[in-house]
Amino acid sequence: MTSYKGFSDEQLVMVYQETKDTMAFGELYQRYNQKVFLYAAKILGDREEAMDLTQDLFVKISDKLLRLKDPVTFVKWIFRIAHNDCMDLLKKTKKQKHDSMDNIAEPEADLFDEQEAI
């Protein structure tokens, strides 16, 4: 079992791309899981959503990492994905709230009888 503690992020990315060694990916996860979570929590303002988003992000990048062309850009790349995922979730949440508000009838309008008022 190889320990990757002394490896740079770039080296870990290259090892993972070449061997798909889950220990190399696990080291990247250990280094960035909490940082990505805190970043997402700050944007989303919700710890539960940030936790879910962070877990989903690492599942997603485990495949995408194989196609990352420049391992030097790993940190910038992962936070760009996190940012985009946060923005997508905020848009989705806002749309859902907006859609649910559209379905609420105004009680006054239902009770108002125009003929009776005249």
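Is lysine 20 buried or exposed? Lysine 20 is exposed, its relative accessible area being 54%. The legends below describe close-up views of a predicted model.

**View A. Lysine 20 in the loop between H1 and H2.** This residue sits in the loop that links the two helices. Its phi is near 55°, a positive value in a residue other than glycine.

**View B. The packing of H1 against H2.** The two helices pack at an angle of about 145°, and their axes are 8 Å apart. Their crossing is left-handed. On the H1 side the contact involves Asp9, Leu12, Val13, Val15 and Tyr16. These meet Ala24, Phe25, Glu27, Leu28, Arg31 and Tyr32 of H2. By class, the contact of H1 with H2 holds eight nonpolar and three charged residues, and no polar ones.

**View C. The packing of H2 against H3.** Helix H2 spans residues 22–44 and helix H3 spans residues 47–64. They pack at an angle of about 140°, with 8 Å between their axes. H2 is therefore oblique to H3. H2 passes H3 in a right-handed crossing. H2 contributes Phe25, Leu28, Tyr29, Tyr32, Asn33, Val36, Phe37, Ala40, Ala41 and Leu44 to the contact. From H3 come Arg47, Glu49, Ala50, Met51, Leu53, Thr54, Gln55, Leu57, Phe58, Ile61 and Ser62. The contact of H2 with H3 has 15 nonpolar residues, along with four polar and two charged ones.

**View D. Asparagine 33 in helix H2.** Asparagine 33 belongs to helix H2 and is buried, with a relative accessible area of 19%. Leaving aside residues up to four places away in sequence, asparagine 33 touches Thr54, Gln55 and Phe58. Thr54, Gln55 and Phe58 are also among the H3 residues in the contact with H2.

**View E. The largest nonpolar core.** This core has 21 residues. Those with the most contacts inside it are Ile61, Leu65, Phe74 and Ile78. Helix H1 (9–19), H2, H3 and helix H4 (74–102) each supply at least two of its residues. H4 gives the most, with six residues. A second, separate core has seven residues, including Ala41, Ala50, Leu53 and Cys86. In soluble globular proteins, nonpolar side chains tend to be buried together.

**View F. The surroundings of leucine 65.** Leucine 65 is one of the residues with the most contacts inside the largest nonpolar core. Apart from residues up to four places away in sequence, leucine 65 touches Val13, Tyr16, Gln17, Phe25, Leu28, Phe74 and Trp77. Phe74, one of these partners, is likewise among the residues with the most contacts inside that core.

**View G. Leucine 68 in the loop between H3 and H4.** Although leucine 68 lies in a loop, this residue is buried, with a relative accessible area of 11%. Its contacts, not counting residues up to four places away in sequence, are Val13, Gln17, Thr73, Phe74 and Trp77. Leucine 68 and methionine 14 are 54 residues apart in sequence, while their C-alpha atoms are 9.5 Å apart in space. Val13, Gln17, Phe74 and Trp77 are touched by leucine 65 and by leucine 68.

Definitions and conventions
Residues numbered from 1 in each chain as written. Predicted model: local features only at pLDDT ≥ 70, side-chain atom pairs only at ≥ 80, totals over all residues. Heavy atoms only, no water. Axes fitted to C-alpha atoms, helices over the stretch in contact; angles between N-to-C directions. Helix = DSSP H or I, 4+ residues; strand = E, 2+ residues; numbered from the N terminus. Parallel < 35°, antiparallel > 145°, perpendicular 65-115°, else oblique. Left-handed = near helix turned anticlockwise from the far one by under 90°. Contact = heavy atoms within 4.5 Å. Nonpolar A, V, L, I, M, F, W, Y, C, P; charged D, E, K, R; others polar. Core = buried A, V, L, I, M, F, W, Y, C linked by side-chain atoms within 4.5 Å. Buried < 20%, exposed > 50% of the residue type's maximum accessible area, 1.4 Å probe, protein only.
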